[in-house]
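Subject: Structure handover

Dear colleague,

Here is the structure I said I would pass on, with notes on what turned up in it. Please look it over alongside the text below.

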Amino acid sequence: MHFTEKQYFKQKWLWFMLFGILALSVVPVLNEAKNNPLALAISVIPMLLIMALFFLMNLKTVINQKGVHIQFYPFIRKPKVFLWKDIQKIELKKYQPLVEYGGYGIRGLGDDKAYNIKGNIGLKLYFKNGKKLMIGTQNPKGINKIVREICQMQKIPFHNSLTE
């Protein structure tokens, strides 16, 4: 049993906004300093670096017999592994990323964290030590199937609130 999902920031609104900010930062410099390449570089390079970061950023989720593996590249290069023996219960549910976690990316405060790229469906892990982790998904059917099977084998309570 194996599940893999890799998500990227492909939202059109995000890229429209990033290109808009790039244009807004370049146009004034072009008008004011046509013969000053340093001023142009100072205004363009930071925005291009931010855009490159969003282009490269991705969330990889792997679920297998060992546990749930999360990698949020480039911030988390080596996958974090959450073992089944440490998980108390799991829930597949809708959630509000902005309201509950403050947005997308690596989010959350205290003992309730989230890794998400887009959307409002996630797999919530409740750990025996009281911590919680929400993992966003774009493939709820695939994740439901494997998590349901593994939870039955591992005797971990699993609830899919999407089917209610």
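Phe72 is buried, with a relative accessibility of 1% (buried means under 20% relative accessible area, exposed over 50%, partly exposed in between, with a 1.4 Å probe and protein chains only). Please note that this is a predicted model, in which local features need pLDDT of at least 70 and side-chain atom pairs count only at pLDDT 80 or more, while totals for chains, interfaces and linings use all residues. Residues are numbered from 1 along each chain as its sequence is written, and side-chain values use heavy atoms, with hydrogens and water left out.

Aromatic rings

The whole structure holds 5 aromatic pairs (rings of Phe, Tyr and Trp, the last by its six-membered ring, with centres within 6.5 Å; planes under 30 degrees apart are stacked, over 60 edge-to-face, the rest tilted). One of them joins Phe72 and Phe75, with ring centres 6.4 Å apart and planes at 35 degrees, so this pair is tilted. Ring pairs connect Phe72, Phe75 and Tyr115 into a cluster.

Phe82 and Phe127 also form a tilted pair, because their planes stand at 45 degrees, with the centres 5.5 Å apart. This pair links distant parts of the chain, since Phe82 is in strand β4 and Phe127 in strand β8, 45 residues apart (helices, H or I of at least four residues, and strands, E of at least two, are DSSP runs numbered from the N terminus). Both Phe82 and Phe127 are buried.

Lys89 sits over the face of Tyr126, 4.6 Å from the ring centre (the criterion is NZ of Lys or CZ of Arg within 6 Å of the ring centre and within 35 degrees of the ring normal).

Pockets

The largest pocket has a volume of about 270 Å³. A pocket here is an open set of points on a 1 Å grid over the protein atoms alone, where a 1.4 Å probe fits, with protein on both sides within 12 Å along at least five of seven lines; lining residues have an atom within 4 Å of a point. Its volume is the space filled by probe spheres set on the points, which are joined across faces, edges and corners.

The lining of the largest pocket has 15 residues, and Phe82, Lys113, Phe127, Lys131 and Leu133 lie nearest its centre. β4 contributes the most to this lining, with 4 residues. By class, the lining is 7 nonpolar, 2 polar and 6 charged (Ala, Val, Leu, Ile, Met, Phe, Trp, Tyr, Cys and Pro are nonpolar, Asp, Glu, Lys and Arg charged, and the others, Gly among them, polar).

The second largest pocket holds about 200 Å³ of space. It is lined by 14 residues, with Phe9, Phe54, Tyr104, Gly105 and Arg107 closest to its centre. The lining of the second largest pocket has 10 nonpolar, 3 polar and 1 charged residues.

Salt bridges

There are 3 salt bridges in the whole structure (a side-chain nitrogen of Lys or Arg within 4 Å of a carboxyl oxygen of Asp or Glu). Asp112 and Lys124 meet at 3.3 Å, N to O. They join strand β7 (residues 112-116) to strand β8 (residues 121-127), 12 residues apart. Lys124 is buried, at 5% relative accessibility.

Glu149 and Lys145 form another salt bridge, at 3.1 Å between the closest N and O atoms. The two are 4 residues apart in helix α4 (residues 140-154), so about one helical turn separates them. Glu149 is partly exposed at 29%, whereas Lys145 is exposed at 54%.

Regards
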